[in-house]
Structure formats: structure tokens, C-alpha cells
Amino acid sequence: MEAFVLFTNQTQGRDRLFRAAQYACMLLGHVLEHQAGPGAARAALRQLEASMSSGRKLFRLGNMVHAMVAARQTIQLPDLVPRICLTASNLIRALYFICDTVLWLKSVGLLPHIYKWKWRNWATKCYYYSLLMNLTRDLYEISWLLEQAAEKEKAKENSFPSDTQDQDLICLETERQSQPFLPLLYCTLKKHPPLLLDTTKNLCDLSSPLDRLGIYKTNPGIIGLCGLLSSLVGILTIAKPHLKLK
Amino acid sequence: MEAWVRFSAQSAAKERVFRAAQYACTLLGYTMQKNGASAELLARIKQLEAHMSLGRKLFRLGNSAEALEAAKRAIHLSDMVLRFCITVAHLNRAMYFACDNILWAGKTGLVPHADQEKWSQRSFRYYLFALIMNLSRDAYEIRLLMEREASGKRPKGTENGHQAQVDNGLQHLALRLRIQLRLLGHVLRSNPPLLLDLVKNACDIFIPLDKLGLYKTSPGFVGLCGLTSSILSILTIVHPWLKLKP
């Protein structure tokens, strides 16, 4: 219970829990959609999901400051590509939070005359571009690690051609003759859990804006499942900070 | 900006900000009503207040665990009176949060047949008991400190010097009262955490007293008390030395 209390003492921890619950409701609602029977459970799930979404919007107020501070920190990164990608991502995220605040003001009745669909569209686009920036950074890190792994293999090959003690080499050697890329990628990601988790989270998060913008339409079930997965990854990185990609 | 990020990273801190905003809405609504504002504006303020209340209820899910953990820690205190007051206060708070969770479930439609009025009254009753325990603890601490101060001053013979001038029983009583009040003022001035806790609990107690009908005031007064106690809470989070320990 103490671990739960420590986890929920952080705003982000609590928000991730509610996000996971919100997407679980979406997934469950979709699963029950195709089942016959009274719609009371489905209606309750929809109401619960709406309530969690609205509550989370309230507690997100002020997060644009978080994004600006994060941008200020990432602009000092030594590597050029992560610096550009992460700073751009944080600035776009700040814009997303501004749109989110305007949508909240509309939902509460303080700004009744704004066009909800227009601001929602902008918010979704900001979220989408921010995710693309994060994925670009992830791809850069992966390609850099793959390059390093390939160089290490070449160096080891030149000095100890028959050394099969190294786990890397067992991975690389066995697959070098056939299709090297996917298993190489798997080996690389296995050794870097933070990068794997971050890539998975960003890929899962993409499903919702892709659907909303009409680029790749799916169904609420897939969006719910992806959202739930990314929230669980988020919970893991907060509970175990060493798993967060720096 | 970094200070806001650090502050709002704690869920309790962010919740206090919204509590302050909620009671500010109550106060504003009452003031505007007295000044003859339009029904539409009043409705909007009421809607904002209700939205914040529901959002806070969602965010407070799981606070029972935190209150139980605090009770578990308080049970190991050495002083018997403090141990009793603080543990019982936390247990009452845990019950208050449990009732609050049921109210949230009722409002979001998960438990549609919950008697909102009954559970609301129950939750305020637990809240009132918790505040009474907190105030008892404050009174006990004040009494201890006053006794310590008084026993420290007695050897100087100030009281004997005054007593020589008294010739009337009532005057004697008034003089003793003045001395006690001066002592109380001195004790509170030299113990800001205790003063802050006392004022906070005194402000908070008017809320359940009004809602339970035990001592009806006005929505404006309740709003002012709630706003004051929320600001004092925020102060103790920003400056942890101001928080009364244990």
C-alpha cells in the first residue's frame, strides 16, 4: 500500500492510472458493443470514460508550463538530432496543452462561442506532430545503436573470429547469413529497455491521432488497446524511473 | 516556471489549487448574486464549481489508502493524546474519502441508485469528526506550550506583583484572562506551524457545520473559509517547515 501511496502522490502517476482506466473502458465498451443484452453496462462504461476524460482535462491545466520547461532543458542536449526533435516535440506539446485548455474552457461554458471541432482538430494535429518528433528521435537512437552493434561485430570479427561466448555475437552471427535486420533490431532493443518502452509507447499513442485525422482509421477497440498499453508503459516508467528514456 | 513544475508534480498540491479555485467560485457566485448579476453568469460559475468538484472527486480516488498509511504511522507516536487524536483524525479522513468515492460513483452513473444526499451527509459527518480531532490536537499542543511558558516565567514573580494590586474578584478574573490571552498570543506567534494549522482547521470546520445544518452561515462565508484554508494548505506545501509535525 505504501508503494501505491508513493506512486499516487505524483500527479503524473495518478494521471497515468486514470488514463489506463479510461482506455480500458473504451476497449471494454467496444468488446461489449458486439454482444447482445442490455446496454446499461455499455452506457455506464461510456459515462465513466467521459467522466475520466473530463477530470483528466481539468488536472492537465497548467501542463503547458511543464512542456515549456522541458523544452528549455532539451535545448541544452549535446546531440543535434535529439536536441532538435525533443525541443520541437516539447514546443508542439505546449501548443497542444494550450488547445486543450481552450477546449476545457469551452466544455465548462466559459468560452461558449469558439468552434470546438476546429480547436479539437488543431489539438490532435499538435499531438500527432509531437509524437512524430518523438518517434524520429527514437529511430535516430535505434539506427545509432544498430550502427554501433555492427561496428562492434566487425571489430570482434577482426580480432576474435571464433569467439562465440558473447551473447551479442550469437545473435548477430546466427542471423548474419539470412535476414539480419529484424533480429538485429530485436537484439539491440532487448539490451536497451528504455528505448524499447519509449518506442512502443509512441507507436501505441499514434493510433488515436491517426484515427481522428482520418489518416488511418481503426476502431475504438484498437485505440483503447493501444491507449491502455501506452498508459501501462507510462506507469512502468514512473514506478521505475531507470526505465525512462533520458 | 520550474517552481510551478515542482509544485504541481505533487498530486496533493495540484488538488489544493483546484480546491482554492472551487471555493473562490463559491465566494464569487455569492458576491455576484448579492450584486445582482445575470442568471446566465451565475449559472456558468455554478457549472464551473460543479465541474471542479467532480474533477477533484475523481482525483481523490485512492486517497483512503494515503489516510490509512498516515494512521498506521501515527499509531507509533510516543505521546498518548497526540497518538489518539491524530490516528482517529486520519481514520475519519479515510472514511470521508470512502464516502466521497461512493458519491463520485453515484455522480458518474456507476452506482445510479446511490442516495446522494445520505452519502453526502455521511461524508461531511466524518469530515467534521476529523476536524474536531485536529482541533483537539491543536488545543492540546497549545496547552502544553502555554504551561511550559508559564512555568518558565513564574520564578520571575510577575504574577505575585500583580496580585498585590487586586482588590476585586471580577477584576482578578479579568486580569488572569488577559495574562492567559497574552500567553496564548505569544505561544502562537512563536509557533507558526501550530498557528497555521489552528487557523486552517478553524476555517475548515465551518464547511461541514454549514452543510450538516448545525451552524448555518452563508455560501459566501463557506467559500471564504474554504479559500483561506486552501491557501494555507498550499503555503504549507510550498514551505514544508510551516507544516505541523508529526
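## Surroundings of Arg56(A)

The side chains of Arg56(A) and Gln22(A) are joined by a polar contact of 2.8 Å. The model in which this pair occurs is predicted. Arg56(A) lies in helix α3 of chain A, which covers residues 40-59.

Leaving aside residues up to four places away in sequence, Arg56(A) touches Asp15(A), Phe18(A), Arg19(A) and Gln22(A), together with Leu58(B). The relative accessibility of Arg56(A) is 9%, and because buried means under 20%, Arg56(A) counts as buried.

## Overall build of chain B

Chain B contains 10 helices and zero strands; from the N terminus on, its elements run α-α-α-α-α-α-α-α-α-α. The C-alpha trace of chain B spans about 70 × 50 × 45 Å along its principal axes.

Of the 246 residues in chain B, 42% are buried. Among contacts in chain B between residues at least 6 apart in sequence, 72% join residues at least 24 apart.

## Packing of α3(B) and α5(B)

Two packed helices are described by the angle and the distance between their axes. In chain B, the axes of helix α3 (residues 39-59) and helix α5 (residues 80-108) come within 9 Å and cross at roughly 120°. This angle makes α3(B) oblique to α5(B), and the crossing is left-handed.

On the α3(B) side, the contact is made by Leu54(B), Lys57(B) and Leu58(B). On the α5(B) side, Asp100(B), Leu103(B), Trp104(B) and Lys107(B) take part. The residues of this contact divide into four nonpolar, three charged and no polar.

Definitions and conventions. Residues are numbered from 1 along each chain as its sequence is written. Chains are lettered from A and ligands numbered from 1 in the order in which they are written. This is a predicted model: local features need pLDDT of at least 70, side-chain atom pairs count only at pLDDT 80 or more; totals for chains, interfaces and linings use all residues. Side-chain values use heavy atoms; hydrogens and water are left out. Helices (H or I, at least four residues) and strands (E, at least two) are DSSP runs, numbered from the N terminus. Buried means under 20% relative accessible area, exposed over 50%, partly exposed in between (1.4 Å probe, protein chains only). A polar contact is a pair of N or O atoms within 3.5 Å; within protein, one must be able to donate a hydrogen and the other to accept it, and residues adjacent in sequence count only if both atoms are side-chain atoms. Contact means heavy atoms within 4.5 Å. Axes are lines fitted to C-alpha atoms, for helices over the stretch in contact, and angles run from 0 to 180 degrees between N-to-C directions. Angles under 35 degrees count as roughly parallel, over 145 as roughly antiparallel, 65 to 115 as roughly perpendicular and the rest as oblique. A crossing is left-handed if the near helix is turned anticlockwise from the far one by less than a right angle, and right-handed if clockwise. Ala, Val, Leu, Ile, Met, Phe, Trp, Tyr, Cys and Pro count as nonpolar, Asp, Glu, Lys and Arg as charged, and the others, Gly among them, as polar.
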